[in-house]
Amino acid sequence: MKMHTNFLCALALFFSASFGMLQAQNDENVTTEFGVKGGFNMSNLYNNNADDENILYGFNAGVYATLPISDFIAIQPEILFTTKGAELEYNNAFVSGTGKFKLNYIEVPLLVRVNVTRNFNIHAGGYASYLVSSKVSGDGDFNFDEEINADDLNRFDAGLAAGIGVDFSPISIGLRYNYGLTTIGKERTVAGATYTVPDAKNSNLSLYLSYKLN
């Protein structure tokens, strides 16, 4: 999928650009940290038959902690408010425009963070999210902006997360990709036929900035 490929390319470019700024040190100790973070999201939806074409831009914000379990490994839990969803462009003989499907989550990532050097880390793990609100909006031949009852969708989402970070204490920057494993829509049965709408999962790439408070 395009976003998966884009993530690998962005990861390689980010690593290459950051590596020149890093100074390898013998002291790779992970310290206990508490801080705030926020950033920029590029989200889409995917399923077995559809690739991601149009990115929906959003944001994430919240708090994090880094809890050491060895000299260079730590557990990093976070609590975030994050936006996800997808954008669709349509253009046919009758109508044209852009539609946006927006999902707002409270998300709790739980990551294992490994300090490759004192300034550079890689992290991976999983996340669980709770859907707090959703809406659809459109611009074009038809303009609309409507809330969706979140109970009509799957309230819970979960998936895998992986990324990299560069530390310039007390500020850090990072790049992370979330790969959803839970279908957004609920399964319904109508007239003996079972279907799921939307039959898709979340995909999200985020660029973030964090600030250590302690």
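The structure is a predicted model. A search of the whole structure finds five salt bridges, and there are two cavities of 30 Å³ or more. Strand S1 pairs with both S2 and S11.

**Strand pairing around S1**

- Strand S1 (residues 33–46) runs antiparallel to strand S2 (residues 56–68), and 11 bridges join the two.
- On its other listed pairing, S1 is antiparallel to strand S11 (residues 201–212), with 12 bridges between them.
- Gly39 takes part in both pairings: Asn60 stands opposite Gly39 in S2, and Tyr208 is the bridge partner of Gly39 in S11.

**Loop features**

- The peptide bond between Ser169 and Pro170 is cis, with omega near 10°; most peptide bonds, by contrast, are trans.
- Pro170 belongs to the loop that lies between strand S7 (156–168) and strand S8 (171–183).
- Ala200 is placed in the loop between strand S10 (193–197) and S11.
- Ala200 counts as buried because its relative accessibility is 10%, and buried means under 20%.
- Beyond the neighbours within four places in sequence, Ala200 is in contact with Leu45, Tyr46, Asn47, Thr182, Thr183 and Ile184.
- The C-alpha atoms of Ala200 and Thr183 are 5.4 Å apart, although the two residues are separated by 17 residues in sequence.

- Side chains of opposite charge can pair when their charged atoms come close.
- Arg176 forms a salt bridge with Glu78, with 2.9 Å between the closest N and O atoms. This pair links distant parts of the chain, with Arg176 in strand S8 and Glu78 in strand S3 (residues 73–91), 98 residues apart. Both Arg176 and Glu78 are buried.
- The network of salt bridges that includes this pair links Lys37, Glu78 and Arg176.
- Lys84 forms a salt bridge with Glu107, and their closest N and O atoms are 2.8 Å apart. Because Lys84 lies in strand S3 and Glu107 in strand S4 (residues 96–115), the pair ties together parts that are 23 residues apart in sequence. Lys84 counts as buried at 1% relative accessibility, as does Glu107 at 3%.
- Asp167 forms a salt bridge with Arg113, the closest N and O atoms lying 3.0 Å apart. Asp167 in strand S7 and Arg113 in strand S4 are 54 residues apart, so the pair links distant parts of the chain. Asp167 is buried, with a relative accessible area of 10%, and Arg113 counts as buried at 6% relative accessibility.

- The largest cavity has a volume of about 100 Å³. Of the 13 residues that line this cavity, Gln76, Arg113, Asn121, Tyr208 and Ser210 are the closest to its centre.
- S1, S3, strand S5 (120–140), S7 and S11 are the elements giving two or more residues to the lining of the largest cavity. By class, that lining has two nonpolar, six polar and five charged residues.
- The second largest cavity has a volume of about 80 Å³. Its lining includes Lys37, Glu78 and Arg176, which are the residues of the salt-bridge network.
- At least two residues of the lining of the second largest cavity come from each of S1, S3, S8 and S11. The lining of the second largest cavity divides into two nonpolar, six polar and four charged residues.

Conventions. Residues numbered from 1 in each chain as written. Predicted model: local features only at pLDDT ≥ 70, side-chain atom pairs only at ≥ 80, totals over all residues. Heavy atoms only, no water. Pairing = 2+ DSSP bridges. Helix = DSSP H or I, 4+ residues; strand = E, 2+ residues; numbered from the N terminus. Buried < 20%, exposed > 50% of the residue type's maximum accessible area, 1.4 Å probe, protein only. Contact = heavy atoms within 4.5 Å. Salt bridge = Lys/Arg side-chain N within 4 Å of Asp/Glu carboxyl O. 1 Å grid on protein atoms, 1.4 Å probe; cavity = no way out; pocket = protein on both sides within 12 Å on 5 of 7 lines; lining within 4 Å. Points joined across faces, edges and corners; volume = space filled by probe spheres on them. Nonpolar A, V, L, I, M, F, W, Y, C, P; charged D, E, K, R; others polar.
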